[in-house]
Amino acid sequence: MSRPDAILFDWDNTLVDTWPCIIKAMNTTLEAMGQDPWTEEEAQRRIARSLREAFPDLFGDAWEEAAEIFYRTFGEVHIDMLRPLPGAADLLKGLAEEGVLLAVVSNKTGRYLRQEADHLGWTPYFHRLVGAGDAPRDKPATDVVHLALKGSGIDPAEHVVWFVGDMPVDVQCARDSGCRSVLLRPAAPDAQEFAKCAPDIHISETGALLEHLREQTVSNARV
């Protein structure tokens with residue numbers, strides 16, 4: 001894990017705690033469509049893909065109606081329920097001071113992603129904030145990585161790019177696009193959960209991620 005030229009971050013539950021809002025919107029949608037609501041554990045296990053990819057499987061031909069319900073519910077509460085994860089603001093500030101290019105690659109709809117970043121005052125930290133619908137295909141497709149780095153002069157084939165997220169979809173996107181995958185969450189990766197693609201490294205909290213980068217800076221300087 002050499003010092004990166006750029007770091008791509010997932011958003012939900014990597015930098016911000018949005019599970020309460022997402023689960024509320026999801027269960028409102030499920031109940032409106034005549035389905036049973038999900039438990040928190042079930043929601044965290046099942047929610048990973050973008051809405052435009054997941055809802056046709058869940059709701060069939062009625063997926064657009066379900067999407068309208070979800071977006072309406074989510075749009076009403078997502079700013080009020082938004083909470084930065086502990087240490088996230090300090091992490092972004094520290095990385096910016098280190099001169100690392102930062103971007104976001106999320107499966108949250110792009111306009112909501114950018115509203116949340118603006119609300120937190122984090123937008124200036126990022127080269128780009130790429131959400132669902134911004135690229136032809138959503139994560140784990142590599143389209144989003146290319147869009148996030150567009151105009152930066154940084155290519156994962158030629159530069160070191162870390163992709164930081166909390167789910168297997170983030171690790172898969174990192175691997176497919178030539179990035180190094182960093183699993184950032186308290187729980188260690190489960191062998192079954194990451195059977196198809198294990199992360200390059202697991203880091204349990206934000207402060208440790210910044211410290212790891214600084215360690216790589218010192219190591220590179222010695223070399």
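1. Thr73 lies in helix α4 of this predicted model. Its relative accessibility is 9%, so Thr73 counts as buried, the cut-off for that class being under 20%. Apart from residues within four places in sequence, the contacts of Thr73 are Lys24, Ala25 and Thr28. The C-alpha atoms of Thr73 and Ile22 are 9.4 Å apart, although 51 residues separate the two along the chain.

2. Helix α1, residues 19-32, contains 14 residues, and its first and last C-alpha atoms are 20 Å apart, close to the 20 Å expected at 1.5 Å a residue. Buried in α1 are Trp19, Cys21, Ile22, Ile23, Ala25, Met26, Asn27, Thr29 and Leu30. The cover over these buried residues includes β2, α2 (40-46), α3 and α4. Ala25, one of the buried residues of α1, is also one of the contacts of Thr73. Just after α1 comes Gly34, with a positive phi of about 80°.

3. Helix α4 itself has 19 residues and spans 25 Å from first to last C-alpha, close to the 27 Å expected at 1.5 Å a residue. The helix is kinked by about 35°, with the kink centred on Gly75. Its buried residues are Ala66, Ala67, Ile69, Phe70, Thr73, Phe74, Val77 and His78. They pack against α1, α3 (51-59), β4 (101-109) and α6.

4. The pairing of α4 with α6 can be described in more detail. The axes of α4 (residues 63-81) and α6 (residues 110-120) come within 11 Å and cross at roughly 10°. Because angles under 35 degrees count as roughly parallel, α4 is roughly parallel to α6. On the α4 side the contact is made by Tyr71, Phe74, Gly75, His78 and Ile79, and on the α6 side by Arg111, Tyr112, Gln115, Glu116 and His119. Sorted by class, this contact has four nonpolar, four polar and two charged residues. Gly75, where the kink of α4 is centred, is one of the α4 residues in this contact.

5. Glu116 deserves a separate entry. This residue lies in helix α6 and has a relative accessible area of 0%, so Glu116 is buried. Not counting residues up to four places away in sequence, Glu116 touches Trp11, Asp12, Thr18, Phe74, His78, Ile79, Leu82 and Lys108. Among these, Phe74, His78 and Ile79 belong to the α4 side of the contact between α4 and α6. Phe74 and His78 are also listed among the buried residues of α4.

6. Two backbone items are worth checking by eye. Most residues other than glycine have a negative phi, and most peptide bonds are trans. Asn13 is not a glycine, yet its phi is positive at about 65°. Asn13 sits in the loop between β1 (6-9) and β2 (16-17). With a relative accessible area of 11%, Asn13 is buried.

7. The other backbone item is the peptide bond joining Lys139 and Pro140, which is cis, with omega about 20°. Pro140 is found in the loop between β5 (129-132) and α7 (143-149).

Terms used:
Residues numbered from 1 in each chain as written. Predicted model: local features only at pLDDT ≥ 70, side-chain atom pairs only at ≥ 80, totals over all residues. Heavy atoms only, no water. Axes fitted to C-alpha atoms, helices over the stretch in contact; angles between N-to-C directions. Helix = DSSP H or I, 4+ residues; strand = E, 2+ residues; numbered from the N terminus. Parallel < 35°, antiparallel > 145°, perpendicular 65-115°, else oblique. Contact = heavy atoms within 4.5 Å. Nonpolar A, V, L, I, M, F, W, Y, C, P; charged D, E, K, R; others polar. Expected span 1.5 Å × (residues − 1). Bend = angle between axes of the 7 residues up to and from the residue. Buried < 20%, exposed > 50% of the residue type's maximum accessible area, 1.4 Å probe, protein only.
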